[in-house]
Amino acid sequence: MADQMEYIVPPWEIEVYVQSLNVSDLENVGTKSWLDFHKRLTLLNQQSVLEITGLREESVMEWFISLKKIPILVYEAIQIDIWKHKVFPLLIDLNGEPTNTFMLYSVFYHEVIAISLLENILFHSDSAQTLDDTVIDLIDYTVQRVTTLLDGKTSEIYEKSEIRDTNSCLEEIVEKQRAFEFDIGMRCISILHYLIEILDSLPLCAVSRMLAIYDIPYLFAQLIENQPWKKQNEDGEMLMYETSWRKIKTSETGKINKREGQVWFGLRELLLNPKCSPYYEITEHRLSQLSKLQRHLHEDVLDQIAPLIELKRWLSYLNISPAMSSSKSCPVHIEVIPQIKSSILEKYHKKWKKLARHQAKFLFTTDASYIKDAAQILSDVYDLDKLDRIEAKKCLVCQEASKKRCSKCKEAWYCSRECQVKDWENHKNICNIISTKNSTDNTDA
């Protein structure tokens, strides 16, 4: 069986990669220099995932923190979010159906990469030191993304009714974007949870923004009610979302999902932390919504997350003595206004069409030489062997985490030699078919 390689970015190059990062210019999206920047960011994300799943020293995280590069990730996520709503629809209107998907796919994927890196890095409390005022922009962004999960649909970047051919490149891109939107929303639950965990290290304006402006306890209560991380498939089977949708095993019935656990911990911290109470008055409306949480705090949940007993006790007290729960008047402080989104919108005000025409030269080019060069730049990013190494694999036999695969067809994954031998009678026919096909494709190439 073939082992996975040890790294995506060599350890001695990680510092250089992170040090070279600077915020990109929206005008340059689609150019070779931007694609090279996208490539470096993506490789760093892949390396970060590899370090986390392999329980290794997290060099990528450490360099982002020590070199104070976290705000770049916040800026990139917000900038691409603006691009997909302001520029992308104009690109389609001006140029019609795209002839390939990989250039536009890279732009949409750029936002996913920035958020994935933020999720990995913000897990560590040291990250609070280098967030600076961009934490306000990040709170605004993550609340917006999480809110879309409750709508039951992701925000539309292009009306489906305007897509004439359902098998077109445009339909493929829009479908992929919807999947990206959902994944980003899920990752933003984690990011909000991590921000709440380091609340004591954040400026007071971050606390007031979470509570007085966005009412995150109410948002999280809605997540517990709606559970967007679970759904039924067409066969009536329950699916759970991790990095993708997967069927819930019988042994997992009643088990708390990672996102659900993060929401519960976030609620507990926001409602029980004395630092938060001056910013959160318990009104009648809030009381009615928070009270709904009690029916979800049953024994199965409390057995899995014992600290929630305190939250259950607090909610019970709230129902008995609501008058005592109201906070005093909110302390006076200076509110920090988010800058990133407003600065980008101001810079390109009434210039979106001009920007779309400029970017069309790169994103809709038919120049074979340019497309070949762009594909070459991104070849390392979308290398299937690398993607296989960072994607969590399940053993075909026992469904446990697996790091080894069949060396012949490279498609079947196993946790051990024993499971591979046990599965050989089932696997050998498909293995021969895949291996023969791959051999033929390589010969033709």
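Start by selecting Arg246 and Glu252. The two form a salt bridge, with their closest N and O atoms 2.7 Å apart. Keep in mind that this is a predicted model.

Now check how covered each partner is. Arg246 has 18% relative accessibility, so it counts as buried, the cut-off being under 20%. Glu252 is buried as well, with a relative accessible area of 13%.

Stay with salt bridges, but switch to a network. Select Asp81, Lys84, Glu111, Arg145 and Glu181. Salt bridges with shared partners join these residues into one network.

Zoom in on one pair from that group: Lys84 and Glu181. Their side chains meet in a salt bridge, N to O at 2.3 Å. Color helix α4, residues 70-86, and helix α8, residues 169-197: Lys84 lies in the former and Glu181 in the latter, so the pair ties together parts that are 97 residues apart in sequence. Are these two residues buried or exposed? Both Lys84 and Glu181 are buried.

Keep helix α8 on screen. Select Arg187 and Asp183, which are four residues apart in this helix. About one helical turn separates them. What do their side chains form? They meet in a salt bridge, at 2.8 Å from N to O. Arg187 is buried, with a relative accessible area of 14%. Asp183 also counts as buried, at 8% relative accessibility.

How many salt bridges does a search of the whole structure find? The search finds 21. Among them are Arg246 with Glu252, Lys84 with Glu181, and Arg187 with Asp183.

Terms used. Residues numbered from 1 in each chain as written. Predicted model: local features only at pLDDT ≥ 70, side-chain atom pairs only at ≥ 80, totals over all residues. Heavy atoms only, no water. Salt bridge = Lys/Arg side-chain N within 4 Å of Asp/Glu carboxyl O. Helix = DSSP H or I, 4+ residues; strand = E, 2+ residues; numbered from the N terminus. Buried < 20%, exposed > 50% of the residue type's maximum accessible area, 1.4 Å probe, protein only.
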